[in-house]
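Visitor: I'd like a close look at one part of this model, please. After that, take me on to some other spots worth a look.

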Amino acid sequence: LFRSVIFYDPYVPDGVHKSIGIEQVDAIEDMFRRSDCLSLHCPLTPGTRHVVNESNLKLARDGVFLVNTSRGGLVDEVALAAALKSGKVGAAALDVQETEPSTYEMGALKGAPNLILTPHSGWYSQEAMIESRETAAKQVRVAILGTSTQCLRNWVNKRDFVSDQARW
């Protein structure tokens with residue numbers, strides 16, 4: 001499907017990309033210049049807000065595709081709407097928008113061509129809800145019983161728990 005995959009992440013140590021067989025670029029501008037399809041996978045921080053903006057879109061290849069399933073604030077919707085209308089961006093698929101719930105009827109993206117908007121609920125299904133509840137219950141059970149805690153994911157207070165447990 002794709003000839004090559006490149007990525008930009010200022011926090012990933014140099015060399016990691018070699019282990020997974022893709023190329024890391026040194027600057028976000030390189031991503032825009034070289035990509036036929038941009039897919040965003042990053043948190044919204046002061047440094048990433050409106051990373052898809054007018055100046056970066058000008059660097060992009062004509063007809064580039066944009067996919068954002070991360071955070072709405074990553075995309076300057078006014079700049080994206082203009083780029084869609086001019087054809088600079090060939091199409092965009094957004095699972096998130098800057099203002100949620102969606103303000104499409106009043107927002108900058110109204111009337112933009114080649115745009116797919118979905119609610120940020122791709123994870124939602126009956127199966128996902130059941131799995132989420134079962135996983136949480138299993139992890140609570142492990143923590144309460146004090147069995148192996150190595151399998152616990154997203155444990156924000158592990159250091160405190162382990163030091164408290166040692167005192168008992």
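This is a predicted model: local features need pLDDT of at least 70, side-chain atom pairs count only at pLDDT 80 or more; totals for chains, interfaces and linings use all residues.

Visitor: In which helix does I144 lie?

Guide: I144 lies in helix α5, residues 126-145. Helices here are DSSP runs of H or I with at least four residues, strands are runs of E with at least two, and both are numbered from the N terminus. I144 is exposed, because its relative accessible area is 66% (over 50% is exposed, under 20% is buried, and in between is partly exposed, using a 1.4 Å probe and protein chains only). Together with V140 and L145, I144 makes a nonpolar surface patch of about 310 Å².

Residues are numbered from 1 along each chain as its sequence is written, and side-chain values use heavy atoms, with hydrogens and water left out. The mean pLDDT (the predictor's confidence in each residue, from 0 to 100) is 84, and 83% of the residues reach 70 or more. Helix α3 (residues 54-59) has the highest mean among the elements, 98, while helix α6 (residues 158-167) has the lowest, 55. Over residues 164-168 the pLDDT even falls below 50, and that stretch has one contact beyond near neighbours in sequence (a contact means heavy atoms within 4.5 Å).

At the start of α4, a side-chain oxygen of D76 reaches to within 3.1 Å of the backbone nitrogen of V78. After α4 comes G87, with a positive phi near 90 degrees.

On the subject of phi, most residues other than glycine have a negative one. H50 isn't a glycine, yet its phi is positive, about 55 degrees. You'll find H50 in the loop between β3 (37-40) and α3, and it counts as partly exposed because its relative accessibility is 24%. N114, also not a glycine, has a positive phi of about 55 degrees too. N114 sits in the loop between β5 and β6, and at 51% relative accessibility it counts as exposed.

One more stop: Q24 in strand β2, residues 23-24. With 15% relative accessible area, Q24 is buried. Its side chain makes a polar contact with the H17 side chain at 3.4 Å, and the Q24 side chain also reaches the backbone oxygen of D9 at 3.2 Å. A polar contact is a pair of N or O atoms within 3.5 Å; within protein, one must be able to donate a hydrogen and the other to accept it, and residues adjacent in sequence count only if both atoms are side-chain atoms. Leaving out residues up to four places away in sequence, Q24 touches F7, D9, V12, P13, D14 and H17.

Conventions. Patches are made of residues with over 30% relative accessible area and no salt bridge: like charges are joined within 9 Å, nonpolar side chains (Val, Leu, Ile, Met, Phe, Trp, Tyr) within 5 Å. Accessible areas come from the Shrake-Rupley method with a 1.4 Å probe; for residues, only the protein chains shown count as cover. A salt bridge is a side-chain nitrogen of Lys or Arg within 4 Å of a carboxyl oxygen of Asp or Glu.
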